[in-house]
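Please keep the sequence and the structure in view while reading.

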Amino acid sequence: MEDTFNDEENLKEENLSESKNSDIDSNSNSDSDSDLDDTSEDEEYLQKEKENMKILNDLSTGLKENPLSYDLHVKYIEKLREMGKYDELKAARNNMKTIYPLSETLWLEWINDEKRVAYMPEEKKNILKLYESSFKDYYSINIWKEYLEYVIEDYNTSKEEEEESLLSVDEIRKLCEKAINVTKFDLTNSHIIWNIYKDFELKILEENPSPENIKKINEMFLDRLKTPHLDIDGTLNSYSNFQSNYDNENYEKNLVAASKRVSKVKYHLKYRQKFEDKISEDPTTLKNFYDYINFELNQKLIEIKQTRILFEKAISIHCLDPNLWEKYIIFIINKMNVKQVLLSICERAIRNCPWSGKLWNHYANAKKLSKCSKEEILEIYNKALGHQLIMNDMNNYIEVVISKINYELSEVNWNEDNNDEKIEYFRNIFSERITEIETYFNPGDPMGRIEKLWIDTEFKIFNNIEKTKELYEKFTKKIGTNTSLWLSYIDFEIQQGNRSIISQLFKSNYKRHLDNPMKFLNRWNEFNQNNTNLHEYYEHQYLIELYRQKLENDGIYDENQTYEYMYQQYYQYQQLQKHRENKHKEKEKEEETNNNTNGIKRKREHNNEKNKPNKKRKDESGVKEKLEEKTNYDNQITEKIKENDNDNDIKENENDIKENNSDEMKIENDEKNDKVEEKSKIEFKKEEKEKPWLNKNENPETVFVNKLPPSIEKSELREIFEKYGNIKDIRLMHRSNRSFAYIDYETSEESHASLELNDTEIKGKKVQVAISNPSLKKPEVPKIKQDNKELYLSNLPFSITKEQLKEIFSKYGEVKDVRLITKSNSQPVGTGFIEYIDEKSAFKGLAVNGTEIDGRIINVTISDNRNKNAQKQKQQKKAKQAQMKPMLPRRMMNHTFQNRPTTKLKISNTKKSKPDSMSEGTNETTTTATVSKSNDDFRKLLGL
């Protein structure tokens with residue numbers, strides 16, 4: 001027994017030792033595995049850290065190059081926050097805050113990050129400062145909510161721990177009242193802030209149910225019940241509970257009075273509920289806010305505070321819309337006109353939209369209304385003109401320049417005697433600004449706004465008639481496309497009593513590349529009605545009607561022309577002017593060369609006569625001289641051809657030159673068999689008049705981009721193409737069936753680099769990019785008046801219905817009519833028409849082009865009225881033929897005499913024989929006396 005027991009104990013010891021060894025081995029293995037895992041994790045962490053540092057450095061470099069890039073600031077902050085770099089993150093946020101206002105999301109992230117590390121009272125007070133700073137940027141219910149909850153929570157915690165809180169009870173009450181005053185008229189969300197304040201006061205009331213506290217809360221409820229807000233029923237229920245707990249004796253009486261207040265509030269909310277619902281459903285649609293704002297502004301009694309909150313809510317979402325800011329500023333000036341409020345809104349406006357010249361001008365005007373000093377106001381203008389984003393857009397830059405000049409002019413006392421220095425100062429300013437605009441925004445302003453201001457200043461302020469006329473003549477030549485400038489010049493001449501030259505001004509300029517030709521023509525027509533010279537009146541009336549018809553054929557029917565059309569006309573005119581100047585310089589050089597050549601020839605002829613060489617040498621030299629003169633003659637002919645547009649003028653000039661060079665031409669005729677003379681023959685051929693602004697050799701830096709999506713905008717094109725070089729100008733054009741653009745680079749190398757975008761997709765549509773070559777342009781077809789409200793659909797599935805089509809196309813606008821084309825047996829042919837109520841919706845509807853419906857890729861284009869016109873002409877022709885048919889003999893109806901065999905008929909002079917006597921199968925009738933007649937005679941007899 002003992003042996004067996006001992007054996008068992010020995011076995012146990014052996015097993016224990018083995019298990020210990022195995023445990024040691026397993027532990028050593030697990031330690032080695034964990035070490036390997038830690039090493040791999042460290043390597044991954046280091047690799048990721050390197051990648052993050054590279055991204056961070058790239059973002060930092062990008063911000064140094066472009067400190068105004070909002071997206072780069074946001075990405076830089078996000079990356080620093082991800083990497084946990086607290087100090088750099090704080091500096092980046094402060095840097096961005098000085099340039100741009102921060103959104104609600106950025107502010108809440110910043111505040112919550114600071115809360116996590118704030119333990120000391122000073123650190124917590126800094127958080128309160130952050131909350132206060134956030135309200136300077138945008139209106140935000142969420143930030144107010146977190147602000148109040150933070151200070152109330154700190155108060156409750158400090159009270160439990162018997163420590164000093166950040167704010168006392170009275171300070172918290174003041175803060176809550178301030179929050180309620182700001183958010184009070186937010187119909188949808190104001191109850192969030194009010195409920196926080198109410199709960200805070202009710203908790204204090206529970207601890208101290210004094211009559212003063214009860215009265216205070218009762219007044220809070222009564223004030224709230226007369227304030228419009230959508231949660232009015234919830235407020236009434238809370239008031240009912242409060243009355244039952246603290247004033248049950250007067251419960252019924254107080255509730256009846258409260259119900260009357262609620263009824264008035266609900267009547268007020270009745271007409272605003274639908275606007276609030278639309279904004280709640282889709283706050284990103286700016287139109288919803290505009291509809292609501294316009295509704296409030298059209299009320300007899302405008303709720304100023306409520307409307308202001310509405311503006312603030314709209315701006316918190318659509319802060320990049322300058323028109324919204326402008327509308328807000330005008331509202332404040334007219335309805336509040338509080339100095340600090342107005343200046344604050346203007347400052348916020350230019351921080352959000354620093355590229356808007358109008359907003360900078362409003363800011364300067366707000367300073368004027370606040371009676372700030374001249375230095376402060378000029379500082380605003382100078383800051384605007386030095387801003388990079390203002391310098392990127394010509395229109396905004398010009399708006400600020402004009403506003404600044406007008407302000408400076410208004411500050412001068414022109415009643416003083418010596419104004420020469422002041423006048424010279426302003427003339428220099430005008431000249432410098434015009435030069436700046438032509439340099440920075442080549443070729444300049446097609447509307448000539450600063451030029452017009454200069455002219456008006458000379459005429460109305462400087463009272464210098466001669467200088468005014470000089471400027472008109474100068475600028476109408478420079479900006480020859482500007483209709484308003486020409487009409488202003490004409491009005492000036494009428495005021496000066498120079499009516500004799502006005503008809504000539506109209507007549508000599510109506511065919512220019514005018515930006516508003518119909519307006520110019522209508523004004524000429526109006527002026528011509530008072531023309532007492534009948535011959536001149538009818539001559540001008542004929543020209544007016546003739547050119548009006550041409551404009552209508554070109555699709556110009558009214559006086560409203562787009563800015564793109566205006567700029568296009570101006571650009572073409574400037575290119576034409578440059579071409580004319582180049583031609584003039586070339587002509588002068590050729591004339592100098594010809595004069596020098598003629599002087600050498602005359603000297604050579606004189607020497608030849610003096611030396612009297614032998615006949616053979618003389619003939620050879622004579623031939624060479626004549627060949628040179630013949631080349632000279634050819635240059636003269638070419639110049640004459642280029643200078644004259646009419647064929648008759650060209651022929652006359654050729655004849656004149658031929659007469660003057662008759663001697664040279666004789667030599668050519670005498671020696672026409674000579675080989676040298678054969679080489680000197682020149683064919684005179686009229687060159688086609690070039691369009692220099694469309695010459696590819698003139699502008700190799702211009703890129704033509706075709707097949708663009710209809711929804712593309714200039715800013716998007718600039719963003720895509722500016723990576724290849726500096727863009728001078730973009731001319732984007734939308735036609736009924738396509739969209740295309742011309743992009744001007746500073747160098748041809750940049751334009752060629754952008755060709756790599758050829759056959760790439762922009763907004764899902766493959767585009768074509770090429771160096772502009774207008775010689776490949778198709779010949780223009782006379783335009784037909786288009787009804788751009790209608791779309792033509794083809795390749796439709798036969799099973800599709802009108803209702804289905806209407807549902808598809810209604811997304812882009814209101815559909816007026818849907819038509820499906822069918823055969824005579826009512827079977828569909830796969831085509832149809834969609835008619836919208838306006839052209840804008842029709843152009844949006846083009847987005848359906850290329851989509852698949854029931855396995856078919858449908859085609860959508862603007863309906864071409866040429867097909868309709870052709871059908872209409874056919875119908876008119878048929879109707880005309882139907883009217884003509886009754887005029888023919890019955891036997892002649894539906895018969896034609898073309899391609900019929902010629903036959904001869906024998907017609908008797910006596911009575912016609914009976915039909916029975918005619919022999920069947922013959923083409924002749926036998927009579928006693930016959931006359932042979934042809935088909936022409938037969939037609940004459942029938943009166944055809």
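## Terms and basis of the model

Helices (H or I, at least four residues) and strands (E, at least two) are DSSP runs, numbered from the N terminus. The model is predicted: local features need pLDDT of at least 70, side-chain atom pairs count only at pLDDT 80 or more, and totals for chains, interfaces and linings use all residues. Residues are numbered from 1 along each chain as its sequence is written, and side-chain values use heavy atoms, with hydrogens and water left out.

## Backbone features in the loops

Most residues other than glycine have a negative phi, and most peptide bonds are trans. Glutamate 162 is not a glycine, yet its phi is positive, at about 55°. This residue belongs to the loop between H6 and H7. Glutamate 162 has a relative accessible area of 74% and therefore counts as exposed, where exposed means over 50%, buried means under 20% and partly exposed lies in between (1.4 Å probe, protein chains only).

Asparagine 463 also has a positive phi, near 55°, and is a residue other than glycine. The loop between H22 and H23 contains asparagine 463, which is exposed at 57% relative accessibility. Which two residues are joined by a cis peptide bond? They are asparagine 442 and proline 443, with omega about 5°. Proline 443 lies in the loop between helix H21 (420–440) and helix H22 (449–460).

## Salt bridges between parts of the chain

Side chains of opposite charge can pair when their charged atoms come close. In a salt bridge, a side-chain nitrogen of Lys or Arg is within 4 Å of a carboxyl oxygen of Asp or Glu. How many salt bridges does the structure hold? The number is 41. One of them pairs aspartate 154 with lysine 124, with 3.9 Å between the closest N and O atoms. This pair links distant parts of the chain, since aspartate 154 is in helix H6 (residues 141–161) and lysine 124 is in helix H5 (residues 121–134), 30 residues apart. Aspartate 154 is buried at 11% relative accessibility, whereas lysine 124 is partly exposed at 24%.

Another salt bridge is formed by the side chains of aspartate 223 and lysine 184, at 3.6 Å from N to O. Here, too, distant parts of the chain are linked: aspartate 223 is in helix H9 (residues 211–225), and lysine 184 is in the loop between helix H7 (169–183) and helix H8 (190–207), 39 residues apart. Aspartate 223 has a relative accessible area of 32% and is partly exposed; lysine 184, with 19%, is buried.

Arginine 272 and glutamate 296 meet in a salt bridge of 2.7 Å, N to O. Arginine 272 lies in the loop between helix H11 (251–270) and helix H12 (273–281) and glutamate 296 in helix H13 (residues 286–297), so this pair ties together parts that are 24 residues apart in sequence. Are these two residues buried or exposed? Both arginine 272 and glutamate 296 are buried. Salt bridges with shared partners also join Glu790, Lys816, Asp817, Arg819 and Glu835 into one network.

## Contacts of helix residues

Threonine 476 belongs to helix H23 (residues 465–478) and is buried, at 4% relative accessibility. Its side chain reaches the backbone oxygen of glutamate 473 at 3.3 Å. This is a polar contact, that is, a pair of N or O atoms within 3.5 Å; within protein, one must be able to donate a hydrogen and the other to accept it, and residues adjacent in sequence count only if both atoms are side-chain atoms.

Leucine 202 is in helix H8 and is partly exposed, at 22% relative accessibility. The C-alpha atoms of leucine 202 and isoleucine 217 are separated by 7.7 Å, while the two residues are 15 residues apart along the chain.

## Charged patches on the surface

Patches are made of residues with over 30% relative accessible area and no salt bridge; like charges are joined within 9 Å, and nonpolar side chains (Val, Leu, Ile, Met, Phe, Trp, Tyr) within 5 Å. Accessible areas come from the Shrake-Rupley method with a 1.4 Å probe, and for residues only the protein chains shown count as cover. Lys and Arg count as positive and Asp and Glu as negative, while His and the chain ends are not counted. The place of a charge is taken as NZ of Lys, CZ of Arg, CG of Asp or CD of Glu.

A negative patch consists of Glu586, Glu588, Glu590, Glu591 and Glu592. Glutamate 586 lies in helix H28 (residues 563–611) and is partly exposed, at 44%. A patch of positive charge gathers Lys226, Lys260, Arg261 and Lys264. Arginine 261 is in helix H11 and is partly exposed, at 31% relative accessibility.
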